[in-house]
Amino acid sequence: MKSSMERLNRTGMSTAPELAREALQVTRATRPSSEGDAEAIASVRIAYSKSGESIGSIPPPDPAAAPRNGAAVAPIFLDKLGERLAFERSGVRLYDALLSKFDAFGTWDNGPSRGDLEEIRNDELSHFTMLRETMIQVGGDPTAVTPSADLHGVASKGLCSVLADPRTTLGESLEAILVAELVDNDCWENLSDLALAVGEEELARTFDEALNEERDHLRRVRSWLGARLSQTATGELEDAFQLRAEQRERGWDPPAAERPRQAKRISQRVASSAKPKRKGATASTKKTRKNGARSRTRNARA
Ligand SMILES: [Fe+2]
Ligand SMILES: [Fe+2]
């Protein structure tokens, strides 16, 4: 089986001029099967948009449910509850698929353990369960595909495709998980704020607890991906990735020109603390690197 980093040209035209010429001949030999251009396509899109139905649906409230704060629950709140509920359910499936990638390809230094992935998978499941109960509590239908649930489901299709593709490794799949966790973090923030806006303070606190767990997921996924990138490039965990992690913790992003100076300061601090075990921090290993004998990740396909 070939490594994903093996240099085999299947798509580049610049490095295969002969084949590029052949490919272009096909475009000259075949003609479009219908008249029209991009403007015609746009006019069809506009016509369909004006006559089409809206996506998803929000069922009418359960008549047996008690009113919330003396009023009917805002439809947008039900919509967004349905969205997070569906996303967390998909999150469980994404991490299930990621666990298979782990079993197939293994991990790398400072990458995820199986236990790490199981822990996050279980968090996603508990968020789903909590949202399902919340939906029932506010008189909504947890099985409904609300407009926003539909929208996010369609937008996430590519993520599921990446995870389901047998060719993608654990590291490559984590790139898709990063997208999911980034979106998830923003959407949990929005749901919490929305709960406050509609007078659901207790629910907002519950959502904040989930948000804290999602922030931890994002932090961990970023650090695993950073370690993979760094080690694939140089065989070491480089300062730039450590610096970036610290900046994200502080929510601060300095200009690019300041990064090298900041990196040096932080790497001195890291070196004086016993915790992070950077490989190749000594002069002798630096010299070894220059000679080309770079350390390898545990699994080249990760
Ligand atoms: Fe999640
Ligand atoms: Fe998550």
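Helix packing and nonpolar cores

Colleague: How do the axes of helix α8 (residues 201-234) and helix α9 (residues 239-250) lie, and are α8 and α9 roughly parallel or antiparallel?
Modeller: In this predicted model, the axes of α8 and α9 come within 9 Å and cross at roughly 165 degrees. Angles over 145 degrees count as roughly antiparallel. The two helices α8 and α9 are therefore roughly antiparallel.

Colleague: Is the crossing of α8 and α9 left-handed or right-handed, and which residues make the contact?
Modeller: The crossing of α8 and α9 is right-handed. On the α9 side, the contact is made by F241, R244 and A245. From α8 come R222, S223, G226, A227 and S230.

Colleague: How many nonpolar, polar and charged residues has the contact of α8 with α9?
Modeller: Gly counts as polar here. Sorted by class, the contact of α8 with α9 has two charged, three polar and three nonpolar residues.

Colleague: Which residues is L94 in contact with, leaving aside its neighbours within four places in sequence?
Modeller: L94, L98 and I177 have the most contacts inside the largest core. Beyond its neighbours within four places in sequence, L94 is in contact with L159, L163, I177 and A180.

Colleague: How many residues has the second, separate core?
Modeller: This core includes I58, L81, L85 and F128. The second core is separate and has 14 residues.

Terms used:
Residues numbered from 1 in each chain as written. Chains lettered and ligands numbered in written order. Predicted model: local features only at pLDDT ≥ 70, side-chain atom pairs only at ≥ 80, totals over all residues. Axes fitted to C-alpha atoms, helices over the stretch in contact; angles between N-to-C directions. Helix = DSSP H or I, 4+ residues; strand = E, 2+ residues; numbered from the N terminus. Parallel < 35°, antiparallel > 145°, perpendicular 65-115°, else oblique. Left-handed = near helix turned anticlockwise from the far one by under 90°. Contact = placed C-beta atoms within 7 Å. Core = buried A, V, L, I, M, F, W, Y, C linked by C-beta atoms within 7 Å. Buried ≥ 20, exposed ≤ 12 C-beta atoms within 10 Å, placed from the backbone.
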